[in-house]
2 protein chains.
Amino acid sequence: MRKRLCLCFMCAVLVLVTPTAWSQTPDDSKPATSNVGNAPYPRVHPDGRVTFRVKVPLAQKVQLMPDVGRADNNGVSTLGVGPIDMQKDADGYWSVTTQPARGGLHEYFLNVDGLFISDPYSEVYDELNRRTSAVEVPDPDFDDYLIKDVPHGQIRTIFYFSNITQAWRRTLVYVPPGYDADSTKRYPALYLLHGGGQDETVWTSAGRANFILDNLIAEGKAKPMIIVMDCGYAPKPGESGPRFFDPSNTPTQGPMVPGNDAGSQKRPQAPGGGPAGPERGTTFEQVLLTEIIPNIDSQFRTIADSDHRAIAGLSMGSGQAFSIGCGNQDIFSYVGLFSRAPYTSDFNLKTAFNGAFTKPDEFNKKTHLLYWNAGGAETGIVKFARSTTE
Amino acid sequence: MRKRLCLCFMCAVLVLVTPTAWSQTPDDSKPATSNVGNAPYPRVHPDGRVTFRVKVPLAQKVQLMPDVGRADNNGVSTLGVGPIDMQKDADGYWSVTTQPARGGLHEYFLNVDGLFISDPYSEVYDELNRRTSAVEVPDPDFDDYLIKDVPHGQIRTIFYFSNITQAWRRTLVYVPPGYDADSTKRYPALYLLHGGGQDETVWTSAGRANFILDNLIAEGKAKPMIIVMDCGYAPKPGESGPRFFDPSNTPTQGPMVPGNDAGSQKRPQAPGGGPAGPERGTTFEQVLLTEIIPNIDSQFRTIADSDHRAIAGLSMGSGQAFSIGCGNQDIFSYVGLFSRAPYTSDFNLKTAFNGAFTKPDEFNKKTHLLYWNAGGAETGIVKFARSTTE
């Protein structure tokens, strides 16, 4: 009896929900701004719902994986908690319409018969060490990331050989509007460090740091500055480095995407990657301090002192910004930590950086700003950050 | 009897070929340089064979589609003629090892149960108006596309609003090594136009135009120059433009990838795209002549005359370079056509460009070079080009 009731309930849900989902696809929705070319799907509805649609005639099962199927999805992706089953029509199209999603760029995979794929019709970004789809939902309260009718800076891509890693590397450099107009003017510099599994391109592709700065400068909310974006991974020769995943790994080794190759990605660790805690001396720190900064100061018109040099990062990059920024107060006077990941459980306010935090006057004299934040939905990070600093 | 013989033959092929394919995967192969992160597959063997491997436990059928499954695959992709069936193992991995492929970058899709996908572990490029995978096979005879220990130029990304298309556009500009060192030095400029379904990023991503120029300049084979890469599509407001595909199109409308959304991509046509023939006056020509060139000449240290301005393009872009370059001899003195597509069947040497080709002395006075080539495997293009110019 109970089972029958349960089945009836499921039928009722199917009848009520599925046709509604189908009726939501037309008219009021528009192709996402993140679509490739003029691809008609995914489509975004005025209330933030997103309709995904893909043709896989022979598939047995197709699912939407919000937040790229992270096992630790804590509600950050307001597309919903995955996996979300997609429905097949007679022509082999699989579709689903999500709940209303928050404004922003939402990463996702499609799970086609067990393979996690990026959507062929969405822009992809370097995330989780693979190419990851994302759909953009307009944000009614924030549009500084859009290109607007204001003066625009340039993004300059430069290449250099690292003697430390014995490899060619690439730096992306944002120069503000008017940089070429006055060849005597010098600018402060912000070193911006990406998250784990990303690379130096993500700040200007997914993040649109350049448009945000263009807009903030035009509004008088930011001083014209140079932004330096490099790769936070720097394995030495012979080190496999943190950008390594092994498809033969089993789920017991801590997959982020269970049952799939991408799941075997390992947490980036020193020496090539970010520090696990506030320890210093990683290869990346050496590359940044002795190769990247001198290279930038020689090729670009920076004000080459600590009072005009900031470092900030996201997630893994915030760990790097914290250890490198607070550990080198003579080099950086501003430190920003965004969405700081809770993998510094050994962090201790009294002993960190040789007890720097126990001498606030001395610390504050050199570090003008230590900014530490997380998104509103990142409750775990906020809670952890509070617990480690109280 | 005939059928039985046929079946036996197939069994024999399976027995002989499949185990061989499996035995080719280990040891002597290396992860392709085009892999994302440290992904172990695809792997390239010393003789140019490529092993593809992907985990899709529930799939019924997985195939490799060389040359992104183009219906008109004429052997350009030496990975083989697709579709090529992949074999499944007990763990749900599908694999195949190809024939030896020529050195170069080979585009491909995977066909998973009827869905054409880009490989999550390969670099993707903007091709066919979607994100397309490519695997790089080292070329034993040509390495100018590799980054080498020579001075490197920069790639500068600039943004501008087009009054003609009423849309924001992006230009990528290569500046040669030493550009910032001498602020009085001026350079010739090459305008480089991409192929159909591509965009302005493809010359430096898949094409590595910047590294090729760095190397040629270092070897003294090219003069330092500025390279300008913009988008060859320029639909006016209200025009859907050529970057349009419609998944409701049926295969009878000329798919390039039968049975799949990507198949419905239409040939780029005027007004937004490249000209079908040597006709002039497209929107892109207007944008190039009245917006892009003045913008570049004002922001970069070009030598702003026709004697120091070249235009060249690939495929669709070569059609544009031909019509714009030969149609504006006062603006461009050098014209390059690469892999010119045979869609100028109405081309007539006697009437083209108001009879310009019938006055060779006058033509040669203004156009210092008209370069027209195709790859060795592009026999159809070579044959057509010869037939239209004899």
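I count a charge as over a ring if NZ of Lys or CZ of Arg is within 6 Å of the ring centre and within 35 degrees of the ring normal. This is a predicted model, where local features need pLDDT of at least 70, side-chain atom pairs count only at pLDDT 80 or more, and totals for chains, interfaces and linings use all residues. Residues are numbered from 1 along each chain as its sequence is written, chains are lettered from A and ligands numbered from 1 in the order written, and side-chain values use heavy atoms, without hydrogens and water.

**Charges over rings.** I found Arg53(B) over the face of Tyr93(B), 3.8 Å from the ring centre. Arg43(B) has its charged end over the ring of Tyr41(B), at 5.7 Å from the centre.

**Sheet in chain B.** I looked up strands (DSSP runs of E, at least two residues, numbered from the N terminus). Two of them pair if DSSP finds at least two bridges between them. Five form an open sheet, ordered β1-β2-β3-β7-β6, with antiparallel pairing. Two bridges join β6(B) to β7 (93–97) of chain B. Lys88(B) stands opposite Trp94(B) in β7(B).

**Aromatic pairs.** I searched for Phe, Tyr and Trp rings (six-membered ring for Trp) with centres within 6.5 Å; planes under 30 degrees apart are stacked, over 60 edge-to-face, the rest tilted. The whole structure has 28 pairs over all chains. One of them, Tyr191(A) with Phe332(A), is edge-to-face, at 6.0 Å and 80°. Tyr191(A) is in strand β14 and Phe332(A) in the loop between α4 and β17 of chain A, so the pair ties together parts 141 residues apart in sequence.

Note on methods. Helices (H or I, at least four residues) and strands (E, at least two) are DSSP runs, numbered from the N terminus.
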